[in-house]
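Please open the structure in the viewer and keep the selection panel at hand. The tour below moves from the whole chain to single residues, one selection at a time.

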Amino acid sequence: MECTGAQILLESLKKEGVDVLFGYPGGAVIDIYDELPRHPDIRHVLVRHEQAAVHAADGYARASGKVGACLVTSGPGATNTVTGIATANSDSIPLVVITGQVPTKLIGNDAFQEVDIVGITRPCTKHNFLVKDVRKLALTIRQAFYLARSGRPGPVLVDLPKDVIQAKAEFVWPEDIYMRSYNPTYKPNLNQLRRTVEELAKAKSPVLLAGGGVIMSNAAEALAEIARKLQIPVACTLMGLGAYPATDPLWLGMVGMHGTYAANLAINNADLLVCAGARFDDRVTGKLTAFASRARIVHIDIDPTSIRKNVEVEVPVVGDCRLALSGIMEICQARLADKDWAAEHADWLAAVREWKESKPLCYQKNGNIKPQQVVEALFELTGGDAIVATEVGQHQMWAAQFFAFTRPRTLLTSGGLGTMGYGFPAAIGAQFAFPDKTVIALAGDGSLQMNIQELATAVANNLPVKVVILNNRHLGMVRQWQELFYNRNYSSTNMEAQPDFVKLAEAYGAEGYRIAKSEDLLPVLRKALSTPNPAFIDVLVEREENVYPIVPAGAALDEMLLV
Ligand SMILES: Cc1ncc(C[n+]2csc(CCOP(=O)(O)OP(=O)(O)O)c2C)c(N)n1
């Protein structure tokens with residue numbers, strides 16, 4: 001039987017297991033929207049801005065481990081997705097973004113709502129396609145999902161001209177998928193695993209460093225097994241938080257610019273650093289020449305181009321983090337079964353404990369509501385059992401520091417691109433993946449206003465998502481840099497002109513709460529978290545609080561400024 005391109009697309013999405021599609025209609029994709037009601041297995045979520053469609057698909061993907069999907073029209077619909085795509089690309093998040101395009105015969109004619117979205121997104125997608133023949137549509141969708149989820153995951157864009165959407169062909173689903181020039185390496189080289197074990201055997205002061213790759217490859221258990229059996233302290237990058245329980249005695253904390261004293265000192269004093277699924281970006285390493293300068297480094301990554309890109313390593317391990325870490329453990333158990341790791345690392349563990357105890361994360365309390373206190377209150381009230389999506393800025397770092405993440409896929413944050421406007425739509429996406437979970441968007445008053453219109457999406461879909469605003473009436477992180485590094489020249493960081501977030505929430509049909517006094521913090525948060533409706537909780541926090549520790553840009557990790 002012949003089907004239209006629109007039908008083939010939706011059948012293909014179903015075959016790929018897409019149950020939620022975030023999107024926004026327009027002329028180039030109106031035939032797909034015409035078809036959608038006949039495919040009740042796919043729940044279409046009408047967002048209020050295409051950027052939010054991509055962030056929502058991204059939040060859905062990060063929380064669930066599945067590929068996120070979204071659909072937008074040509075021209076401005078397509079260009080509005082670019083920030084979301086670049087955000088997902090920086091953090092290796094599997095997405096398939098479907099854009100409408102003008103009919104093939106008009107491409108290159110400056111037609112109405114024509115942009116070269118394939119050209120525009122080439123540098124910020126894992127791969128992209130322009131489908132010119134409806135007979136190739138099903139195969140292209142199959143390839144797009146395969147590319148998005150396999151190897152180092154990432155966003156894939158599929159551009160569909162209107163005539164291809166309308167044309168007819170037989171629906172043939174390619175069950176097997178093979179792409180000749182694309183063969184990611186999952187199984188690590190055994191020799192490199194053996195070399196890693198040799199390094200572990202002789203190390204006196206080792207550190208494990210986990211990044212987002214540990215979460216993506218479901219390697220958290222394998223990581224914990226090595227850490228506990230071999231008694232090695234663990235640090236995480238921002239993207240890795242949740243890969244190791246922050247409540248564990250071997251936990252060092254987050255590493256990098258706003259990392260803990262213990263994590264940063266441990267890395268710079270370690271004699272062996274085993275890094276899994278992290279790419280050593282500048283926010284993690286600080287001054288490169290001083291980074292882990294006493295350590296031999298093992299770097300495990302599925303993407304061979306990440307290895308030796310920023311830091312020189314002794315042992316490169318290309319492959320899936322879970323397979324690599326469990327392979328290392330197996331060899332350790334076979335060869336080093338009798339080794340007393342606790343005794344071996346006793347001095348090192350004592351040094352680490354002393355760093356943790358002498359300079360833990362802290363802040364000075366006064367009568368005002370401290371933003372860190374709000375994050376701690378959220379942890380206390382949820383028992384840590386929540387998905388927390390953040391925007392970008394100081395509040396993001398306080399979430400990373402003061403919410404003790406214990407499980408993978410519970411922190412959704414734009415680590416690589418640092419995209420303000422990410423958190424709220426990402427929380428919406430996560431709530432679709434887990435309707436019964438507590439999902440909190442932790443927002444700054446600046447960032448929230450970048451995609452605040454999505455409250456309409458939350459209300460329309462009866463989502464219980466909660467937005468907690470750490471409202472400092474500033475673009476706080478930039479204000480902090482101006483205070484510390486730009487001679488207090490507070491240029492364009494005052495955000496006092498802002499909406500009444502409580503009234504705004506109510507105007508959208510959501511609930512609004514304001515917390516202005518410390519004693520209201522716990523009771524009002526508790527009440528707001530228990531409502532089944534979407535809500536904004538506007539918390540008026542200390543206006544000029546800074547995030548500490550901070551490693552000034554270009555300084556070494558152990559040159560951090562403390563409270
Ligand atoms: C889209 C975008 N524009 C600009 C920036 C630069 N930037 C980083 S943090 C920040 C301030 C964020 O303010 P707010 O959301 O209120 O959070 P706070 O730092 O006060 O917690 C800015 C402007 C960014 N990261 N993303």
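How far apart are the mean positions of the 54 positive and 60 negative charges of the protein chain? They are 2 Å apart. In this count Lys and Arg are positive and Asp and Glu are negative, while His and the chain ends are not counted; each charge is placed at NZ of Lys, CZ of Arg, CG of Asp or CD of Glu.

The model is predicted, so local features need pLDDT of at least 70 and side-chain atom pairs count only at pLDDT 80 or more, whereas totals for chains, interfaces and linings use all residues. Residues are numbered from 1 along each chain as its sequence is written, and side-chain values use heavy atoms, with hydrogens and water left out.

**The whole chain**

The C-alpha atoms fill a box of roughly 70 × 60 × 40 Å along the principal axes. The radius of gyration of the chain is 24 Å, which agrees with the value near 24 Å that a compact globule of 563 residues would have. This radius is taken over C-alpha atoms, and the globule rule is 2.2 Å times the number of residues to the power 0.38.

Next, switch to a surface display. The protein chain exposes about 22,000 Å², and carbon and sulfur atoms supply 49% of this area. Accessible areas come from the Shrake-Rupley method with a 1.4 Å probe, and for residues only the protein chains shown count as cover. Of the 563 residues, 60% are buried. Buried means under 20% relative accessible area, exposed means over 50%, and partly exposed lies in between (1.4 Å probe, protein chains only).

Among contacts between residues at least 6 apart in sequence, 76% join residues at least 24 apart.

**The domains**

Colour three ranges separately: domain 1 (2–170), domain 2 (190–358) and domain 3 (371–540). These bounds come from an automatic or database domain assignment. The C-alpha centres of domain 2 and domain 3 lie 31 Å apart. Their contact takes 17 residues from domain 2 and 17 residues from domain 3.

**Ala6**

Select Ala6, which lies in helix H1 (residues 5–15). Is this residue, Ala6, buried or exposed? Ala6 is buried, with a relative accessible area of 2%. Not counting residues up to four places away in sequence, Ala6 touches Asp31, Ile32, Glu35 and Ile165.

Move to Asn218, in the loop between helix H10 (212–216) and helix H11 (220–230). Its relative accessibility of 52% is why Asn218 counts as exposed. Beyond residues up to four places away in sequence, Asn218 touches Arg322 and Arg409. Leu323 is 105 residues from Asn218 along the chain, yet their C-alpha atoms are separated by 9.8 Å.

Now select Gln231, in the loop between H11 and S10. Gln231 has a positive phi of about 50 degrees although it is not a glycine. With a relative accessible area of 24%, Gln231 is partly exposed.

**Pro245**

Continue to Pro245, in the loop between strand S10 (234–236) and strand S11 (251–254). Pro245 counts as buried because its relative accessibility is 19%. Leaving aside neighbours within four places in sequence, Pro245 is in contact with Arg228, Trp251, Phe405 and Thr406.

Select Asn462, in the loop between helix H21 (455–460) and strand S18 (466–471). Asn462 has a positive phi of about 50 degrees, although it is not a glycine, and is exposed with a relative accessible area of 63%.

Then select Ala516, in the loop between strand S19 (511–515) and helix H24 (521–530). Apart from neighbours within four places in sequence, Ala516 is in contact with Ile369 and Leu540.

Finish at Pro549, found in the segment after strand S20 (535–540). What kind of peptide bond joins Tyr548 and Pro549? The bond is cis, with an omega of about -5 degrees.

Conventions
Contact = heavy atoms within 4.5 Å. Helix = DSSP H or I, 4+ residues; strand = E, 2+ residues; numbered from the N terminus.
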